[in-house]
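Okay, everyone, thanks for coming. Let me put the structure up, and then I'll walk you through a few spots in it.

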Amino acid sequence: MTATVSNAPSRALVQPAVRLAGELRLPGDKSISHRALMLALLASGESRIRDAGDGADVRSTAAIAAALGARIERQPGEAGNVDYAVTATGGAGLRRPSGVLDCGNSGTSLRLFAGIVAGHPIEAILDGDASLRQRPMARVIEPLSAMGARVEGARDGRPPLVVAGRRRLQPIDWRTPVPSAQVKSAILLAALAATGTTTVRESVATRDHTERMLRARGVTVRTKLATDGGAMVQIDGPAAVGTVDERVPGDPSAAAFWLVAGAIHANADLVVRRVGLNPTRRAAVDFLSLMGAAIDERPIGESATADVGEPVADLRVRSSDLRAIQLMPADTAKAIDEIPVLCLAATQARGRSVIRGAGELRHKESDRIAGIVDGLSALGARITATGDDIVIDGPTTLRGAVVDSFGDHRLALTFAIAGLVAEGATTVLGADSVGISYPTFFADLERIRS
């Protein structure tokens, strides 16, 4: 049967594919795109950003940076990405916004801008859509308040947040109760305006884009990794951020969907170009390899990474015979954004897969544990959740069904990939949410399927 994909404003119809083959260029890494725009706002002069992602979340960050005083010029880039030229006058030039800073669906925008505003003598209201308003922000409110900013949330610390910053904050020594790169980054960005050494301690080392990108801009950041997988990050303030020209690598979270598609499809050979393989972001690649996925990695030279300081590689994936995997909480934390699509991979693996300690997924754009269990169960998978653990028995033949993504882009992408191997048509409700992180996803799917 020839695969077809048709889109309506809120749904996608995905038919099974006979073959998956071709090359893909991904959206610019969302995490890096966010941070590049934010750090350009804090730098004095012009920063140039190539191949930034153009999803709705990154657009929210660009609009907020402009509202806080940056001059932003954007031009179309390659593969649906965009190039930015950002001119700013440094941290001292941040202005009080004339209206509410709309973060849309982006928790990264809200948490990190809270850290930025906290270190400047301005007041801002950070808000977002209905989904974002349900996400708890106490883990950001508490450390920023301890540093001397005034941060107030609505019910139970949820958005909107009112942040009143100070020109000089107090340094803190903070242990994050739950590993979170967003919380760590918010503290580090606030620490640029603190007098003294700020320390963030994590039980599990989270993605380190903020640290790498601060170093590339002349800020001294010290990181110490513990033998038990934890980490300590320190920054001395006050510190100034410099300008850079950089190229954003392809988003590894987006790559994970195609790696799973290639591994679980019976007739697949896909190449994914210029994927960012930061050691704190490549867990999904490593876990799929442990499951037996046929993934070949070809590193790209340092010149391609510009000033971002991120390793980059082309990845090739082919049809694979997968086996079950057991993930402990520390493993799950390393691949938290990719857990939904790894659950899909587990439905096609031999044996029982167990993913432990996935509770953080309940506080994303939706309750992703409930969403992935409901959606994959509707497709015929044998999957259950007990507390924060997910259990999947495979392999299972998937059958087309109507599945609801609840407006969550990670779930919509996962169910669309499932539709490529399911028997019969799969209808994904809320499919337009893929625009949050991967606006060209369905066009890419059309190109590589037959």
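So, S47: buried or exposed? It counts as buried, because its relative accessibility is 4% and the cut-off for buried is under 20%. Before I go on, please keep in mind that this is a predicted model. S47 is found in strand 4, residues 44-52. And what does S47 touch, if we skip its neighbours within four places in sequence? Its contacts are A40, Y84, A85, V86, T243, V244 and D245.

I300 lies in strand 17, which covers residues 294-300. With a relative accessible area of 24%, I300 is partly exposed. Leaving out residues up to four places away in sequence, I300 touches R274, V312, A313 and D314. Take A313 from that list: I300 and A313 are 13 residues apart in sequence, and their C-alpha atoms are 5.0 Å apart in space.

Then there's T427, in strand 24. T427 counts as buried, since its relative accessibility is 14%. Again not counting residues up to four places away, T427 touches R11, A12, L13, A401, V402 and V403. For V403, the C-alpha distance to T427 is 6.2 Å, and the two are 24 residues apart along the chain.

Now for helices. Two packed helices are described by the angle between their axes and the distance between the axes. So let me give you both for two pairs.

Pair one is helix 1, residues 30-42, with helix 3, residues 107-118. Their axes come within 11 Å and cross at roughly 20°. That makes helix 1 roughly parallel to helix 3, because an angle under 35 degrees counts as roughly parallel. The crossing of helix 1 past helix 3 is right-handed. Which residues do the meeting? From helix 1 you have H34, R35, M38, L41 and L42, and from helix 3 you have T108, S109, L112, F113 and I116. Sorted by class, that contact of helix 1 with helix 3 has six nonpolar, three polar and one charged residues.

Pair two is helix 11, residues 368-378, with helix 12. Here the axes come within 10 Å, and they cross at roughly 20°. Helix 11 and helix 12 are therefore roughly parallel to each other. Helix 11 passes helix 12 in a right-handed crossing. On the helix 11 side, R368, G371, I372, G375 and L376 take part, and they meet H409, R410, L411, T414 and F415 in helix 12.

On to charges. Side chains of opposite charge can pair when their charged atoms come close. How many salt bridges turn up in a search of the whole structure? The search finds 40. I'll pick out a few.

Start with R59 and D54, whose side chains meet in a salt bridge at 2.8 Å, N to O. R59 counts as partly exposed, at 43% relative accessibility, while D54 counts as buried, at 13%.

Next up, K184 and E202: their side chains form a salt bridge at 3.7 Å, N to O. K184 lies in helix 5, residues 181-191, and E202 in strand 12, residues 196-202, so the pair ties together parts that are 18 residues apart in sequence. Are these two buried or exposed? K184 is buried, with a relative accessible area of 1%, and E202 is buried too, with 3%.

Last pair: R399 forms a salt bridge with E423, where the closest N and O atoms are 3.9 Å apart. R399 lies in the loop between strand 22 (389-394) and strand 23 (402-404), and E423 lies in the loop between helix 12 (409-419) and strand 24 (426-429), so this pair ties together parts that are 24 residues apart in sequence. E423 counts as partly exposed, at 49% relative accessibility.

Conventions:
Residues are numbered from 1 along each chain as its sequence is written. This is a predicted model: local features need pLDDT of at least 70, side-chain atom pairs count only at pLDDT 80 or more; totals for chains, interfaces and linings use all residues. Side-chain values use heavy atoms; hydrogens and water are left out. Axes are lines fitted to C-alpha atoms, for helices over the stretch in contact, and angles run from 0 to 180 degrees between N-to-C directions. Helices (H or I, at least four residues) and strands (E, at least two) are DSSP runs, numbered from the N terminus. Angles under 35 degrees count as roughly parallel, over 145 as roughly antiparallel, 65 to 115 as roughly perpendicular and the rest as oblique. A crossing is left-handed if the near helix is turned anticlockwise from the far one by less than a right angle, and right-handed if clockwise. Contact means heavy atoms within 4.5 Å. Ala, Val, Leu, Ile, Met, Phe, Trp, Tyr, Cys and Pro count as nonpolar, Asp, Glu, Lys and Arg as charged, and the others, Gly among them, as polar. Buried means under 20% relative accessible area, exposed over 50%, partly exposed in between (1.4 Å probe, protein chains only). A salt bridge is a side-chain nitrogen of Lys or Arg within 4 Å of a carboxyl oxygen of Asp or Glu.
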